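Subject: Handover of a protein structure

Dear colleague,

Please find below the structure that I am handing over to you.

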Amino acid sequence: MLWKLLMRSQPCKLCSLRKVLSAPKHRPILPCFTYTTDNQSKKENKTTVEKLYKFSVDIRKIRRLKEWVLLEDETYVEEIASILQQLGADETAVASILERCPEAVVCTPAAVHTQRELWQSVCKSEEELVKLIEQFPDSFFTVKHQENQKLNIQFFQELGLRNVIISRFLTTASSIFHNPVEKNKEMIRILQENYLNLGGSEANMKVWLLKLLSQNPFILLNSSAAIKETLEFLQEQGFTNFEILQLLSKLKGFLFQLCPRSIQNSISFSKNAFKCTDHDLKQLVLKCPALLYYSVPILEERIQGLLKEGISIAQIRETPTVLELTPQIVQYRIRKLNSLGYRIKDGHLANLHGTKKEFEANFGKIQAKKGRPLFNPVAPLNVEE
């Protein structure tokens, strides 16, 4: 299925390539602006194009990606550029923002001013705000649901989330701000209720909740029915409330984004691959919760990749977290360890798995140990007097 989808996408990529190759090397002359779409000839807004040129914006890029902006009768190029400049954006930054998010010029100045005030309420300075807009212009210029944004920002602040986390939500998880604040409040209540039902303590609930939200804000987009269904399924699989709470924390709430059927498929595959009992499999899952999260094709690819490197099923069972690494990362790390004479297939996988930082630290220790000369504390020193 994935291969078919990729094949279907190729003509689009080829079309884009042809457009790039056929694009003129020099800026076209301005007087005539026409664009044909859906068999209808529409005239570009000459004023919009000229003003964008004034700010050194690449018009060809906009024509290629979002030509509809140039066909709009009413735009606010100078006003939007002025707002960005007032925040401290230089000429290069303004051009980059308008090229990557040309729909910014169809936003009314009033809406953008409101958006600026909302985002500034969680930013330390205008300089920080400009950097966020440069990195995530699409998120900033999505100026719908501003009243929801305002109420949700206030709610998250009251909940105890730091402004730096809320600003990250605005840029990378903006959809949660489109929810009515009542919906987000209800989901928070459901999470708190389930946390307590699973044996969590009232004293630790706030810390647990804030950590969960900061790791995965998209959990707010789930439904109460989906959460209930997933929890009941895990209980049917023999996991205790305490173990489910562990899985929920380790998987950062992504567990609720999976359907029971998907989890069941992954469990069945892992049980067959590792030739283990239900009890043994449960212990493997508690060591590596990703066994529930990864789909069967991903698990199969990663196990096969490890086997090709000479690693046995027994070694994987001993250190299942190695399955969190892609085959490419596994190959890279094994080559690095081999360069020091460390044969991973003859030992355990403790030095192979972990984050990039953890691996580099372990690699440095092995490297230092290999290069350190042996020292005999009782051997006489040959000192010339």
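I begin with a pair of helices. Helix 14 and helix 16 (residues 260-274) pack with their axes 10 Å apart, at an angle of about 30°. Helices here are DSSP runs of H or I with at least four residues, strands are runs of E with at least two, and both are numbered from the N terminus. The axes are lines fitted to C-alpha atoms, for helices over the stretch in contact, and the angles, from 0 to 180 degrees, are taken between N-to-C directions. Helix 14 and helix 16 are therefore roughly parallel to each other; angles under 35 degrees count as roughly parallel, over 145 as roughly antiparallel, 65 to 115 as roughly perpendicular, and the rest as oblique.

From helix 14, Glu229, Thr230 and Phe233 meet Pro260, Ile263, Gln264 and Ile267 of helix 16, where contact means heavy atoms within 4.5 Å. By class, this contact of helix 14 with helix 16 has four nonpolar residues, two polar and one charged. Nonpolar covers Ala, Val, Leu, Ile, Met, Phe, Trp, Tyr, Cys and Pro; charged covers Asp, Glu, Lys and Arg; the others, Gly among them, are polar.

Before going further, please note that this is a predicted model, in which local features need pLDDT of at least 70 and side-chain atom pairs count only at pLDDT 80 or more, while totals for chains, interfaces and linings use all residues. Residues are numbered from 1 along each chain as its sequence is written, and side-chain values use heavy atoms, with hydrogens and water left out.

As to the overall picture, the protein has 22 helices and two strands. Of its 385 residues, 41% are buried; buried means under 20% relative accessible area, exposed means over 50%, and partly exposed lies in between (1.4 Å probe, protein chains only). Among contacts with a separation of 6 or more, 71% are between residues 24 or more positions apart. The protein exposes about 22,300 Å², of which carbon and sulfur atoms supply 53%.

Two further helix pairs share helix 6. Helix 5 (residues 77-87) and helix 6 (residues 91-100) pack at an angle of about 135°, and their axes are 10 Å apart. That makes helix 5 oblique to helix 6. Helix 5 passes helix 6 in a right-handed crossing. Ile80, Ala81, Leu84 and Gln85 of helix 5 make the contact with Val94, Ile97 and Leu98 of helix 6. Six of the residues in this contact are nonpolar, one is polar and none is charged.

Helix 6 also packs with helix 8 (residues 126-135), at an angle of about 40° and with axes 9 Å apart. That makes helix 6 oblique to helix 8. Here Ala93, Ile97 and Arg100 of helix 6 meet Ile133, Glu134 and Gln135 of helix 8. The residues of this contact divide into three nonpolar, one polar and two charged.

Several single residues deserve mention. Trp119, in helix 7 (residues 109-120), is buried, with a relative accessible area of 1%. Not counting residues up to four places away in sequence, Trp119 touches Leu129, Leu132, Ser139, Phe140, Gln149, Leu170 and Thr171. Trp119 and Thr171 are 52 residues apart along the chain, and their C-alpha atoms are separated by 9.9 Å.

Asn216 is found in the loop between helix 13 (202-215) and helix 14 (224-236). Asn216 is buried, with a relative accessible area of 1%, and touches Lys252, Gly253, Phe254 and Gln257, again not counting residues up to four places away in sequence. Glu243, in helix 15 (residues 241-250), is buried as well, with a relative accessible area of 13%. Leaving aside neighbours within four places in sequence, Glu243 is in contact with Gly238, Lys282 and Leu286.

Finally, I turn to backbone angles. Most residues other than glycine have a negative phi. His145, which is not a glycine, has a positive phi of about 55°. His145 is found in the loop between helix 9 (137-140) and helix 10 (146-159) and counts as partly exposed, at 39% relative accessibility. Lys275 likewise has a positive phi, near 50°. Lys275 is found in the loop between helix 16 and helix 17 (278-287) and counts as exposed, at 66% relative accessibility.

With kind regards

How values were computed. Areas by Shrake-Rupley, 256 points an atom, 1.4 Å probe, with all protein chains shown as cover. Left-handed = near helix turned anticlockwise from the far one by under 90°.
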